[in-house]
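Me: I have a model open and would like to go through it with you piece by piece. Can we start with a backbone detail and work outwards from there?

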Amino acid sequence: MKIKTGSEYMESLKQVKPLIYYMGKKIEDVTTHPATAPHVRAAAMTYSLAVQEEYRDLATATSHLTGNTIGRFTHIHQNVEDLIKKVKLLRVLGQKTGTCFQRCVGFDGINATYSTVYEIDQKYGTNYLERFKKWLIRIQDENLMVVGAMTDPKGDRSKGPAEQEDPDQYVHIVDRRDDGIVIRGAKLHMTGAVNSHEILIMPTTAMNEASRDYAFICSVPIDAPGITMIFGRQANDSRRDLKETIDVGKPSFGIVGGEAVIVFEDVFIPWENVFMDGETEFSGLVVHRFAAHHRANYGACKTGLMDVLTGAVTYLAQAQGTAKGSHVRDKVTEMIHLSETLYSSSIACSVEGVPTPSGAYMVDTMLANVCKHNVTRFHFEVARLAVDLAGGFIATLPSEHDLRSEDVGHLVKKYFSGVAGIPVEDRIKIGRLIEAMTGGTAMVESMHGAGSPQAQRIMIFREGNLNEKIKLAKALAGIPQKEK
Ligand code: SF4
Ligand code: FE
């Protein structure tokens, strides 16, 4: 692996020169800019863990392509054990960062693409898999971070890609040349985009014949000509500019992953980096597999976050003298119960994983959708309980400037003190952490990341096998089964 440690990863980002805008200005160095550096540090943790003996087994894998030791985030799942190790790794990373560490999007995109292009080759005799393997070996050997780019802007949602008034609402091929393709459009909500090395572009939905130019998969370096990124805002991000380290809640890491709009203005992609081109019937498959892999993750990465939140409110209760209250213990118990229920779901869809025709393993898609759907409820309930236990002071706290003020600092300390022996600054810090982890941007990500709840309900109904369930009911009720 070329990039081994977190600091090598950060150094590698200085070698690429993507065009990034934030608040109307260019970001020259994502590793030092206050808006992006916290997200870089979270992604760096995926590298740092791999060189720690304790986590080496979870954070690395053996490439089935080269036999080399690689970072797990570049691996193709070869068995159920790989799927389980991924889940365990994500929970640890969630615990250590308290946020999204971003690298799973590319990881899931790589796995979904691998198994899908194998099946395209089987049907059409194309050679996409060979091209993809060549690219993937480079990603593995160099241990690069890949942003999986799926979500298009979609314009008028009542119309398909080819029916839009503005064709750029879905990324599409505008030219097929002898040496490659030229693409135009944009991808939204791109987690980790500004601190990745490469983009893996996939279709956003199932496509019909009319949408041939929208049904493609390709990769492109993050700083290729024609790519512009616009980095999104997060709740309270201006607190970082003011260097209010306590007030940001999590000084080292971001609220969520750090999302950007990626715009492609006539970007050229050589054929060697095109892994699907117009095989419309496979668009739905790659989306389905990507979504299932990513939904399986949420019961792990978000459980790591809930572990932090549970620890935070328990410590706060100790600082406030309420830890022994039976209602407090009961609510903390409920937080743990909900977190472990989600984790069970992530483990279950991995244990029930199956091989695809390519040999790459897939999670159980029904259980993965149930897992993510429960995140959209349980994470919110865990956050509600945390806010309930923390008390209103997390929303009304004076700033760190007042805490440090010569004029009023002693008053803040006096009136925000709690149990003797626990510094008032600790109580304020933990309150701010809870504020950051239960606030707007964090919870929106939990709701809509990996697909909005309705997307999971569609899959749950579709895969619910209702005809089989009707047969079960009829058998028990003594109703004859009609042959179709
Ligand atoms: Fe990974 Fe979770 Fe972030 Fe998705 S939300 S990229 S699964 S950490
Ligand atoms: Fe996410």
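Predicted model: local features only at pLDDT ≥ 70, side-chain atom pairs only at ≥ 80, totals over all residues.

Me: Where is Ala450, and what is its phi?
Reply: Ala450 sits in the loop between helix H15 (440–448) and helix H16 (453–462), and its phi, near 65 degrees, is likewise positive in a residue other than glycine. With 17% relative accessibility, Ala450 counts as buried, since the cut-off for buried is under 20%.

Me: Back to the core, then: which residues touch the most other members of the largest one?
Reply: Those are Ile183, Ile199 and Phe264, in a nonpolar core of 69 residues. Apart from that core lies another, of 34 residues, including Leu338, Val375, Leu403 and Met437.

Me: What does Ile183 touch?
Reply: Leaving out residues up to four places away in sequence, Ile183 touches a set of residues including Val171, Ile173, Ile201, Phe216 and Phe264, and Asp266 is also among them.

Me: Changing topic, how is the chain divided into domains?
Reply: The domain assignment gives domain 1 (6–290) and domain 2 (295–450), and the C-alpha centres of domain 1 and domain 2 are 26 Å apart. The contact takes 39 residues from domain 1 and 40 residues from domain 2.

Me: Where does ligand 1 lie relative to those domains, and why?
Reply: Ligand 1 lies between domain 1 and domain 2, because both give residues to the shell around it. That shell includes Cys100, Phe101, Gln102, His294, Lys302 and Glu445. The elements that give two or more residues to the shell are helix H5 (104–124) and helix H8 (283–320), and H8 gives the most, with five residues.

Me: What is the shell made of, by class?
Reply: By class, the shell around ligand 1 has six nonpolar, three polar and two charged residues.

Me: Last one, on helix H1: which of its residues are buried?
Reply: In H1, which runs over residues 6–15, Gly6, Tyr9, Ser12 and Leu13 are buried. They cover an arc of only 115 degrees around the axis, so they are on the same side of H1. The buried residues of H1 pack against helix H2 (37–50), whereas the face turned away from the buried side carries the exposed residues Ser7 and Gln15.

Definitions and conventions
Residues numbered from 1 in each chain as written. Chains lettered and ligands numbered in written order. Heavy atoms only, no water. Near = heavy atom within 4 Å. Helix = DSSP H or I, 4+ residues; strand = E, 2+ residues; numbered from the N terminus. Nonpolar A, V, L, I, M, F, W, Y, C, P; charged D, E, K, R; others polar. Domains from an automatic or database assignment. Buried < 20%, exposed > 50% of the residue type's maximum accessible area, 1.4 Å probe, protein only. Arc of directions from axis to C-beta. Contact = heavy atoms within 4.5 Å. Core = buried A, V, L, I, M, F, W, Y, C linked by side-chain atoms within 4.5 Å.
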